[in-house]
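Colleague: I am new to this one. Could you walk me through how to read it?
Modeller: Gladly. Let us look together.

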Amino acid sequence: MPAAGDGSFQWDFVTPGLPDAAFADAPGFSPTPMEQRVMLLSHLRPRSDSLVWDVGGGTGALALEIARLMPAGAVHTLERDPDALELLERNRRRFGITNLHIHEGDAPEGLAQLPPRPDRVLLEVGRPLKQVLHQVWEALVPQGRLVISTASLEGLVDATDTLGQLAAVDLQVVQATVHRMQRRGSQARLAAAEPLFLIAAERP
């Protein structure tokens, strides 16, 4: 793997799926596993010039995946945690990405900082969902796509119920479970990452 430093990390493959180890992390913050990132990205379906909101940026792994694939577009990520914000900026510099814009704030209040009329929105459930989801849905352009990720059954139920009330179309629900081989001594075992529910929908 190429050495990583500010603006020096190179990944010349055209497919999404940056290695997890390419991202800076910290205690309590680790990138969404590569396989789950690829699934989220495939359901988001960004265009080369999309305007993407990423609500709950974390380490920035998914936002960076998107930004590097759409050089004529822009990703605006909203994050409330100061440690996560520092990681976001470190990772943005690490990849030399200029079309990822980082905003400090909490949803729903912080959504006002983001440019209007996104055509793609990523939303991580970890906050009171209905109010945020309603505001995100109102901001989303017609035929825009929303992808929600959550690790909880409560988040899954709240998201699907609310999207049903909003008359969302092309509603899809997927459980993304990743197992990776790990070696312990002479034995190889499959270790599971935390399962993730992916909810995708389109605004009519």
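Colleague: In which handedness does α1 pass α2?
Modeller: One note before that: this is a predicted model. Now the crossing: α1 passes α2 in a right-handed sense.

Colleague: At what angle do α1 and helix α2 pack?
Modeller: The angle is about 50°, and the axes lie 10 Å apart. Angles from 65 to 115 degrees would be roughly perpendicular, and those under 35 roughly parallel. That makes α1 oblique to α2. Helix α2 covers residues 61–69.

Colleague: Which residues of α1 and α2 meet?
Modeller: From α1 come Arg37, Leu40, Leu41 and Leu44. From α2 come Ala61, Leu62, Glu65, Ile66 and Leu69. By class, this contact has seven nonpolar and two charged residues, with no polar ones.

Colleague: How should I read a salt bridge?
Modeller: Start from the general idea: side chains of opposite charge can pair when their charged atoms come close. This structure holds 10 salt bridges. One of them joins Asp20 and Arg37. Their closest N and O atoms are 2.6 Å apart.

Colleague: Which parts of the chain does the pair Asp20 and Arg37 link?
Modeller: Distant ones: Asp20 sits in the segment before α1 (34–44), and Arg37 is in helix α1. The two are 17 residues apart. Arg37 is also among the α1 residues that meet α2.

Colleague: What angle do helix α4 and helix α5 make?
Modeller: About 40°, with axes 10 Å apart. Helix α4 spans residues 129–139, and helix α5 spans 153–165. That makes α4 oblique to α5. The crossing of α4 over α5 is right-handed.

Colleague: Which residues make the contact of α4 and α5?
Modeller: On α4, look for Leu129, Lys130, Leu133, His134 and Trp137. On α5, find Gly155, Asp158, Ala159, Thr162 and Leu163. The contact divides into five nonpolar, three polar and two charged residues.

Colleague: Now the sheet. In what order do the seven strands run?
Modeller: Read across it: β3-β2-β1-β4-β5-β9-β6. The sheet is open, and its pairing is mixed. Neighbouring strands are turned by 15° against each other on average, direction ignored.

Colleague: Which are the edge strands?
Modeller: They are β3 (100–104) and β6 (169–176), each of which pairs on one side only.

Colleague: In what sense do β6 and strand β9 pair, and over how many bridges?
Modeller: Antiparallel, over six bridges. Strand β9 covers residues 196–202. To find your place, take Ala176: it stands opposite Leu196 in β9.

Notes:
Residues numbered from 1 in each chain as written. Predicted model: local features only at pLDDT ≥ 70, side-chain atom pairs only at ≥ 80, totals over all residues. Heavy atoms only, no water. Axes fitted to C-alpha atoms, helices over the stretch in contact; angles between N-to-C directions. Helix = DSSP H or I, 4+ residues; strand = E, 2+ residues; numbered from the N terminus. Parallel < 35°, antiparallel > 145°, perpendicular 65-115°, else oblique. Left-handed = near helix turned anticlockwise from the far one by under 90°. Contact = heavy atoms within 4.5 Å. Nonpolar A, V, L, I, M, F, W, Y, C, P; charged D, E, K, R; others polar. Pairing = 2+ DSSP bridges. Salt bridge = Lys/Arg side-chain N within 4 Å of Asp/Glu carboxyl O.
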